[in-house]
Amino acid sequence: MTEITIFVLAVFVGFEVISKVPTTLHTPLMSQTNAIHGIVMLGGLIVVGFANDGVEYVIGTIAIAFGAINIVGGFMVTDRMLGMFSRKPKSKAGSDGKGGA
Amino acid sequence: MVEAVLKPGGDAATALYIVAFSLFIIGIKQGTHPTTAKRGNLIAAGGMAVAVVTTLLLDGMGNWGLIVLGLGIGSAIGVIASIRVQMTEMPQMVALYNGVGGGAVALIAWSEIRHGISIGEDFPLDSLIPVIFAGIVGSVSFWGSNIAFAKLQDLIPTRPIAAPGQQVINAILLLAIIVISVVLAVDHESPSEGLFILLLVLAAILGNLVVLPIGGADMPVVISLLNAFTGLSAAAAGFALDNVALIVAGTLVGSSGTILTLEMATAMNRSVSNILFSGFGGAPSGGGGGTGEEKPHVSIGAQDAAIKLAYADSVVIVPGYGLAVAQAQHAIKEVADELEKRGVTVNYAIHPVAGRMPGHMNVLLAEADVAYENLKEMEEINPEMPRTDVAVVVGANDVTNPAAKNDPDSPIAGMPIIEVSEAQEVIVIKRSLSPGFAGIDNDLFYEPNTSMLFADAKAAAAEIAAEIGNL
């Protein structure tokens, strides 16, 4: 039952926190929460860490790799996006030469 | 070297997991404002590091070679992909990351089943049921996201692909999945691994069949929904593994995906099930848009457009997916810069479903250095429209169609739109008069105060910026 309690409380916390994110930031929000569900990688670590069976080695290692793509890629790409939002647009007008292509 | 000290399920490990998910919540909370969002993302990433290190320190962990291999390959792919991706490709990137997350969940569920069977004891229902749920939803999410990725990347056609009787096939698949799940749960003393794999395969087929018929412009909804699915399946995996970090993190993502899905659906004035199952837009009957004689419209060149804009007091730019396709965000910003030099007020009107994922346009414009304050949401900008001298529509179509307001029989009737036709003048930059995603003619193009500029968005914007500079 404790786990159900945690789940229900997390639903409320999730709705409360996320409904305050403005539409403008929905893409980074989505990409960040996307990175957060990469936490399933822990499951892969536990599977491989305690496995002694060939199939579990293979499945678990793929799961870890998938999870790592999800986590590392997700947080990094969110960081890149948010860097664009937080920079001061008025100070540097002539600095966008790299985006030409 | 620290010895593996944490007892699995012990107080120390649980406490560290609580630290991890608290950091996720704080991180998301900081995401409510652009100035703190970057730090918030780092905080959440820190939470992830705590969770991963805690798990690696669990007593009894082994097979380090494989763990390092998995982490190394995955991290390398993640780093390279996130550095190389263009901002216009963000929707498919998110779809892909979402897919691998779902795939990981499905694989973990599979190995949990194997593990449970190999121990040979009765599989407790409170972990078997979450494992089954995680397997099904993870598999649907993996394949559904991959199809969404392939569509957004133009690897397969973005138009809806539907076979006759598809709804029936989907219903049968769903029924079969439910029956197999029940059989597995009833047989919890020795669940069959073969049946579980069959379950994963059926869920995979369902994931493919559900997303294939969905058109490109409905992708914001699909991506949000699949994000919610992967989150919930991760939470289910947490129930199975008795891991609070997974439960809380997965649930947070589930909530976020659900909220975004509902917001997108509201913004289209359609229900989620209508979006998922109707094959809306460009379905066989919808293709007849371009036939018959052309209705009268006004066509102008870049120079005329530049004059209209340069002598306006206020201009509103309405971007759509076409802006992303043409990579026109920087060129549009140049037009805005030229106008601002002349004292013209320039704002951007963002429709909630413009682009291919929620907030897609905001990211592109932020990439082009457009100030956050100039990005206006639909509700905010619509009352300003009658006081706007020129509205410039770049690569947007259905979200500006006045038929949504005026024609109760239109397929998009009731959809909230950016009311550009209320502006004094409208310039539409578009390649042709062809209908948008909804497959219907846009009445806006034929209104007396609308001028059409037929061109590629990026080329046209560059030309307009140059012309304004020469005035």
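Tutor: A helix here is a DSSP run of H or I at least four residues long (strands are E, at least two), numbered from the N terminus. This is a predicted model, where local features need pLDDT of at least 70 and side-chain atom pairs pLDDT 80 or more, while totals for chains, interfaces and linings use all residues. Residues count from 1 along each chain as written, chains are lettered from A and ligands numbered from 1 in written order, and side-chain values use heavy atoms, without hydrogens or water.

Student: Where do Lys341(B) and Glu338(B) lie?

Tutor: Both sit in helix 13 (residues 329-341) of chain B, 3 residues apart, about one turn of the helix.

Student: What makes their meeting a salt bridge?

Tutor: The rule wants a side-chain nitrogen of Lys or Arg within 4 Å of a carboxyl oxygen of Asp or Glu. Lys341(B) and Glu338(B) have N to O at 3.5 Å, so the pair qualifies. Over all chains, the search finds 13 salt bridges.

Student: How many salt bridges cross the interface of chain A and chain B?

Tutor: The rule finds 2 there. One of them joins Asp53(A) and Arg114(B), at 3.0 Å from N to O.

Student: Which element of chain A gives the most to the side touching chain B?

Tutor: Helix 4 of chain A, with 30 residues. In contact terms (heavy atoms within 4.5 Å), chain A brings 83 residues and chain B 102. The chain A side splits into 48 nonpolar, 26 polar and 9 charged; nonpolar means Ala, Val, Leu, Ile, Met, Phe, Trp, Tyr, Cys and Pro, charged means Asp, Glu, Lys and Arg, and the others, Gly among them, are polar.
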